[in-house]
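Welcome! Here is a short briefing to read alongside the sequence and the 3D view.

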Amino acid sequence: MAIINRTNRLDKKDYVQAATKKSLIVLHHTVGGSANSTIDYWRSDPDKIGTAYVVDRDGTIFEVFDPKYWAYHLGLKGTNGAVDKRSIGIEIASEGGLMQRNGELYCFGKISERTRFTQDYYECPEPWRGYRFFDAYAEAQTEAVTDLINDLCHQFQIPRKTPANHVDADNTCRVYEGIIGHHHLRPDKSDIHPGFPWQRLMDTCRLELT
């Protein structure tokens, strides 16, 4: 069972306090620093953008609002938030896609000493969504995410399914029920990147490929 930290909650004005039926879990990564910095950013945004959960690098799971409620987290035009309302979002704290210059890696799309990346990275066999290198998800994070998904599937009776294709976007995912990444919904997004251990998630949470 996942251990939940509720010490850093969003204010009621920062999400939609209306309970909705859940049938989908969507994984994201932040392209930022710590979980707390992401939560602080959401507080500064008036558009009710956020996810119920943010998983820090050490595996700490922050629940920033009750997952029966919702906020905008998908950016799907023309849907009036329909997929946001029925989904639970989970953000993984990560620098995301990395740039390579002269044998060095850099984050946040900037080449500077401040953005030079020195942590563990994942290298795709070939470029994906504009990047070949990504900040590697920490073992503690993927374990925490797996435990959390297992709990949420049980609590909200979310179907234990995931797409057989974990690389490409597909418009049918707008009506999918189960567990997907943000990249399944939008071809311009690179979260979750191919370094995520989908097989471990499927084995632990008993997910069916569909």
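In what order do the 6 strands of the open sheet stand? The order is E1-E4-E3-E5-E2-E12, with mixed pairing (two strands pair if DSSP finds at least two bridges between them). This is a predicted model, where local features need pLDDT of at least 70 and side-chain atom pairs count only at pLDDT 80 or more, while totals for chains, interfaces and linings use all residues. Residues are numbered from 1 along each chain as its sequence is written, and side-chain values use heavy atoms, leaving out hydrogens and water.

- E3 and E4 pair in the antiparallel sense over 3 bridges, and Tyr53 has Glu63 in E4 as its bridge partner.

**Helix H1**
- Ala35, Thr38, Ile39 and Trp42 are the buried residues of H1 (residues 35-44) (buried means under 20% relative accessible area, exposed over 50%, partly exposed in between, with a 1.4 Å probe and protein chains only).
- Seen down the axis of H1, these buried residues fall within an arc of 100 degrees, so they line one face of the helix (the arc uses directions from the helix axis to the C-beta atoms).
- Exposed Tyr41 and Ser44 sit on the face turned away from the buried side of H1.

**The core**
- The largest nonpolar core has 38 residues, and Ile90, Ile149 and Phe196 have the most contacts inside it (such a core is a set of buried Ala, Val, Leu, Ile, Met, Phe, Trp, Tyr and Cys residues joined through side-chain atoms within 4.5 Å; contact means heavy atoms within 4.5 Å).
- Helix H3 gives the largest share of this core, 7 residues.

Note on methods:
Helix = DSSP H or I, 4+ residues; strand = E, 2+ residues; numbered from the N terminus.
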